Amino acid sequence: MKAIKLLFISMLMVSFSGFAQEAEQAEEPKAEEHYNINKFRQLYQEFSTPNQYRSASGAPGPKYYQQRADYEMDIRLDDENHHIYGYETITYTNNSPDVLDYLWVQLDQNMRAKDSKTPLIEGGGVAPFAQPAGFVGEYLSEPFDGGFNIKKVLDSKGNPLKYMINQTMMRVEMPKALAPGKKFEFDIEWDYNVNNHVEGRGRSGYEEFPDGHRAYVIAQFYPRMCVYNDVEGWQNSQFWGRDEFALPFGSFEVNITVPEDHWLDGTGKLTNRKDVYSSEELRRYEMAQRTYDEPVVIRTQQEAEKLAMMPGATKMKTWKLKADYVRDFGWTSSRRYIADAMAVKVGDKDVMAVSIYAPEGNPLWEQWSTKAVAQTLKSYSRMTFDYPYHKAISVHAKNQGMEYPMICWNYGRPDAEGNYSDRVKFGMISVIIHEVGHNYFPMIVNSDERQWTWMDEGLNTFVQYVAEQDMGENYPASIEGLDAYPSRRGPAAAIVPYMAGDQRYIAPIMSKGLNTYQFGSNAYGKPGTALNILRETVMGRELFDYSFRTYSQRWMFKHPTPEDFFRTMEDASAMDLDWFWRGWFYTTQFNDMGIKSVDKFYVSADMNQEMKDYLEERNIPKDRVPQLVYMVKEGSEDYKEEMKGKAPSEVVSDLKDYLMDNFTAEQRAAMKEPKYFYQITVEKPGGLVMPIIIEYTYADGTTETATHPAEIWRLNDKEVSLSKATQKEIVGIVIDPKLETADIDTSNNSWPQEPKVDKFEEMKQ
Ligand SMILES: [Zn+2]
């Protein structure tokens with residue numbers, strides 16, 4: 001076996017030197033250029049330099065630090081006027097080695113201020129069509145005034161602090177600079193008009209029902225500390241409405257006062273459950289804590305509907321919530337709410353999966369919401385770490401899909417008669433999985449959403465796909481009549497239309513979301529699919545899952561950057577993936593490979609033309625060449641009459657003589673006896689480098705698949721040739737037979753080429 005290999009290698013060397021000469025004549029890039037554009041070079045220029053804060057391994061460094069912001073808040077909801085009043089005390093801890101001259105606070109609601117600059121950066125002109133409400137908002141009415149009214153900013157002694165508001169950011173000046181290790185406590189009092197999120201969009205607000213009652217999903221409702229870290233300093237990049245948030249961890253103690261007939265829930269532990277639940281609700285809640293298979297209804301539809309028929313309470317009630325190790329706080333409140341819950345085992349702990357919805361959500365919500373929450377907690381915990389909080393709530397809010405720690409808003413509503421399509425059902429289950437999944441990214445693995453949308457949306461879309469497939473298996477009723485859960489994003493083939501699209505509207509994943517077209521495909525679909533391909537096709541599940549868990553656990557309750565992710569995936573797997581990150585995350589290139597040619601070779605003892613040319617050019621006498629085995633291409637000049645009709649290996653007897661002379665019978669018996677020799681030339685019109693997955697079909701109908709790692713493209717980015725020796729004749733070859741690599745054009749993937757189907761003819765038939 002070895003001897004035969006050696007012979008093939010000498011043959012290869014000859015052909016390679018021939019290739020090198022050809023390349024010199026053509027206008028190929030110079031060596032230096034070649035190495036500068038090589039797709040396998042390391043990402044040293046693109047990556048930040050590892051340091052004491054962030055190690056080259058992708059783990060937090062020995063001097064890693066993060067700031068802390070603790071909040072105490074009193075919030076009051078004026079339901080009648082949809083207005084919120086708030087008072088907060090922020091205790092900010094400077095764990096950085098830097099002296100801070102001032103603090104930056106985020107005023108996200110100012111995006112809705114009358115003088116907001118958000119509408120002024122839209123350069124798309126007149127939209128050809130609009131929702132009536134959007135049209136009214138844009139052209140007919142005064143802009144809604146939803147900005148923060150900041151009434152007071154005080155130090156802990158009650159003295160006013162100097163502050164300056166620049167759009168959605170507020171700079172607060174302290175009496176003296178904040179030294180490393182020191183805390184600063186200050187108070188802010190504010191109020192604002194809550195927006196109608198159904199008419200005006202947005203990540204929070206209220207929906208008003210025909211009966212005049214409202215459901216509130218409330219977030220970004222308080223002045224929130226900016227992140228200060230080793231990467232950005234203050235992350236005070238403005239909130240224009242798209243790129244989400246960057247927030248430090250801390251604790252929250254929040255008292256929320258709402259009309260006494262409201263049902264309320266939010267981030268954190270409810271510390272006065274006995275004061276706000278009826279005794280019957282308490283009894284049902286305790287039952288839910290012991291129920292693991294079906295949700296237990298805590299506040300029923302009849303109870304919610306009865307309250308909705310009344311004018312609404314004027315007396316108020318205060319709900320007290322307390323949370324630790326969260327980066328944000330969200331809450332929901334309405335008198336029209338139904339609530340159900342069940343327990344989920346996560347590791348050795350019980351977590352409560354909770355759903356809150358208006359009767360409009362049924363019968364869909366009572367059936368699927370809490371089960372989808374439970375599946376999310378199980379699947380995500382398996383892929384990352386055990387869910388560390390005590391509950392996860394899914395709230396039904398029309399047109400919403402938005403996440404906060406322990407609570408999220410989700411769409412999916414049947415029609416007025418309670419009917420719904422599969423599209424509505426799977427859309428609802430998927431958005432719940434997605435938004436509950438955001439507890440992991442970015443609520444716990446706390447990346448900077450303002451800068452890197454893909455770090456939470458892309459990673460989350462990937463795990464969402466895994467959880468959806470689990471959902472289909474564990475709750476088969478959810479996929480009745482289908483082979484698998486119909487995931488919209490994740491499978492490689494689903495990203496092809498985007499990657500094959502007009503390059504003017506495609507940005508690299510490593511772009512700020514605000515600055516990209518096709519935001520959903522850019523920051524959700526493509527990175528989610530890239531990770532799925534990385535797992536299934538490039539790394540394999542074992543290596544990928546270990547590395548992905550390592551990343552999740554290293555950065556749980558910390559602030560990772562893209563490099564921390566890229567580096568950890570390599571550090572934990574021993575795979576150099578720089579080529580993958582470069583192609584998928586830093587460029588807009590797509591994958592397209594095709595079979596250029598398939599040649600059959602015969603083994604011959606007669607010197608072939610290539611060898612003759614080689615010797616002639618170097619003035620080497622032919623008799624100086626030792627006996628070699630020559631490969632003769634079928635149909636070439638060297639291809640002779642005597643070869644026709646024979647198996648390619650039967651042509652030369654010298655090889656048999658050589659084997660007889662040099663090997664024992666036993667050794668010969670252990671050797672393979674390939675009869676057919678092929679060269680398959682794969683061309684790559686696409687810019688992306690990807691593994692070549694190639695499936696051979698033999699004359700007897702059997703198939704064999706081989707995967708050539710992407711590194712096969714390291715020396716020639718345009719085309720490569722594979723050699724294949726087989727016992728059986730090959731009758732068909734397909735590249736990427738299972739559509740795993742997002743190849744944008746599969747019409748060139750088969751040999752012999754499949755006849756082109758005339759789409760028009762096909763339709764006619
Ligand atoms: Zn998301």
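This is a predicted model: local features need pLDDT of at least 70, side-chain atom pairs count only at pLDDT 80 or more; totals for chains, interfaces and linings use all residues.
I would like to begin with strand β27, residues 692-698, which pairs with β28 in the antiparallel sense over six bridges, where strands are DSSP runs of E with at least two residues, numbered from the N terminus, and two strands pair if DSSP finds at least two bridges between them. Within this pairing, Ile694 stands opposite Ala706 in β28.

Residues are numbered from 1 along each chain as its sequence is written, and side-chain values use heavy atoms, with hydrogens and water left out.

Which strands make up the open sheet around this pair? There are four, in the order β28-β27-β30-β31, with antiparallel pairing, and the edge strands, each pairing on one side only, are β28 (703-708) and β31 (750-751). In general, strands of a sheet pair through backbone hydrogen bonds.

Turning to the whole protein chain, we find 20 helices and 31 strands, a helix being a DSSP run of H or I with at least four residues. The C-alpha atoms fill a box of roughly 105 × 60 × 55 Å along the principal axes. Of the 765 residues, 53% count as buried, meaning under 20% relative accessible area with a 1.4 Å probe, protein chains only. Finally, among the contacts (heavy atoms within 4.5 Å) with a separation of 6 or more, 76% are accounted for by residues 24 or more positions apart.

How values were computed: Buried means under 20% relative accessible area, exposed over 50%, partly exposed in between (1.4 Å probe, protein chains only).
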